[in-house]
Amino acid sequence: RKILATELPDAQVIVVSNREPYIHNLKEDEVELVVPASGLVSALEPITRACAGTWVAYGGGSADHLTVDENDRVAVPPDDPSYMLRRVWLSDEEHAGYYLGFANEGLWPLCHIAFTRPNFRAADWETYQSVNRKFANAVVAEARNERPIVLVQDYHFALLPRMLREQLPDAIIITFWHIPWPNSEVFSICPWRERILDGLLGSSIIGFHTQFHCNNFIESVDRFLETRIEREDAAISYQGRTSLVHAYPISIEWPPAQLGKVPAVQQCRDRVRTRLGLAEGVKLCVGVERLDYTKGIVDRFRALDELFNRHPEWIGKVTVLQIAAPSRGTLPDYERLHRECERCAEEINQRYGYEGYTPVLFIAEHHTQRQVYEIYRAADVCMVTSLHDGMNLVAKEFVAARDDEQGVLILSMFAGASKELLEALIVNPFDAATMGEALQHALAMSSDEQRDRMRRMREIVRDNNVYRWAGSMLLDAARLRKRAEVELPG
Ligand code: F6P
């Protein structure tokens, strides 16, 4: 807020993402409020609240229509209205082509090294373009003047920055790509690669979680477009405009608002353990994510199998609780994953379980943020074993939830968070044997070692919180605007 007031006075902040921060659903004739499982939402929500901005998103809830005014707006959060959520409506065909098709069967597997073949279909591409146009029109309708700051979120909107630039030439457009960017060879698979790059270069700033992904993006631009690239400044000049490409590692608010709402660690432990029926002395390992093939859920179960193989003394003494919020469930790869997780959990339970002891508890259901924080606080070990992930905010949330400075984080070397949380036990999720050993290390770790590691990780998440993430992008944007004003006086 301070940066906005001093560096960009009077600028209106508009966030645009596919996923909305609050979903209204109809449940037995009652309107139910759901906060979706999304790292993007948990990161951007406190920022939008702090600057009383406007958030433009797809209204996908069954009661979303019932809660908006005549301009499709609703003030949120419902219990403490701080900003406006403007909903964009999509038909079933638009949702299928733009979201399920192009974004999630095309760009998602393209950008993640998870060995799922990307599917690019011309019809999905058409819908992706028209839905990006629809969102561009909604953002322009929300802009109070010609110089708003628009924060475009993610791979659903690669074309939006260019469309906005055409209608709002003086806007600051900051696009943040929440997922990895592949190398130029992989990126070349996309039949509309030049159009995607051209769309993104409508932005003033393009942000990624890591320098590695920035480099991949710059290489892709260099290979497929005619541009001038100043590598030192990471600036790309294209069609008379300059875009900066920088790494801004995303984070969470500190301290997280949820922490004030959950009971003490011991109470969380008692509640969660009683609910799960865990016997005295059984250690609890948790995994928390959307049910997605990039998250390495089955690999995590295999690590437990490996632990039991190598260290049978742990049989009966450890349970893995995996909660997985269903998303994109109608896509075949996601349905397959759901079945595979169930099958693998069942196999392990049959092999090692017995009356009163279940090694793997797999719960594919949405959990509220409060329930998730209770689980973090009850855990002995948190396993984040993504096969590939932009950042992964579960790792940071777990650390933030542990004000008792206990608990061990096992973290994939392929999650952006592993570049910051060096005191986690860093693993290669493709290597089941080493993962099994990491589990053994985590389960046997002394309380002192846990404290030392957790303390350091908490300092890092505290210092590099989401306000710093947004602040550094806004500062860079302010510098760009000043530079443009000097170059083009009047
Ligand atoms: O950042 C990854 C991301 O795809 C976000 O765009 C999204 O909000 C989140 O994961 C959840 O995915 P979905 O909205 O498709 O359920």
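Reply: Let's start with strand β8 (residues 172-176) and strand β9 (residues 205-208), which run parallel and are joined by three bridges. This is a predicted model, so please read everything here as computed. To find a spot where the two strands face each other, look for Thr175, which stands opposite Ile206 in β9. In general, strands of a sheet pair through backbone hydrogen bonds, either parallel or antiparallel.

Now step back to the whole sheet. It is open and has ten strands, in the order β5-β6-β4-β1-β7-β8-β9-β12-β11-β10, with mixed pairing. At the edges you will find β5 (73-76) and β10 (228-230), each of which pairs on one side only. On average, neighbouring strands in this sheet are turned by 20 degrees against each other, direction ignored.

Helix α5 (residues 160-167) lies across β1 (13-16), β7 (149-153) and β8, and it runs at about 175 degrees to β8.

One more helix is worth a visit. Helix α12 (residues 369-378) is largely enclosed by the rest of the structure, because seven of its ten residues are buried. Among those buried residues are Val372, Tyr373 and Ile375. The elements covering the buried part of α12 include α9 (265-276), β13 (283-290) and β14 (318-325).

Finally, turn to the ligand. The residues around it include Asp154, His178, Ile179 and Arg290. By class, the shell around the ligand has two nonpolar, four polar and four charged residues.

Definitions and conventions
Residues are numbered from 1 along each chain as its sequence is written. This is a predicted model: local features need pLDDT of at least 70, side-chain atom pairs count only at pLDDT 80 or more; totals for chains, interfaces and linings use all residues. A residue is near a molecule or strand if its C-beta atom, placed from the backbone, lies within 6 Å of it. Ala, Val, Leu, Ile, Met, Phe, Trp, Tyr, Cys and Pro count as nonpolar, Asp, Glu, Lys and Arg as charged, and the others, Gly among them, as polar. Two strands pair if DSSP finds at least two bridges between them. Helices (H or I, at least four residues) and strands (E, at least two) are DSSP runs, numbered from the N terminus. Axes are lines fitted to C-alpha atoms, for helices over the stretch in contact, and angles run from 0 to 180 degrees between N-to-C directions. Two residues are in contact if their C-beta atoms, placed from the backbone, lie within 7 Å. A residue is buried if 20 or more other C-beta atoms lie within 10 Å of its own, exposed if 12 or fewer, and partly exposed in between; C-beta atoms are placed from the backbone.
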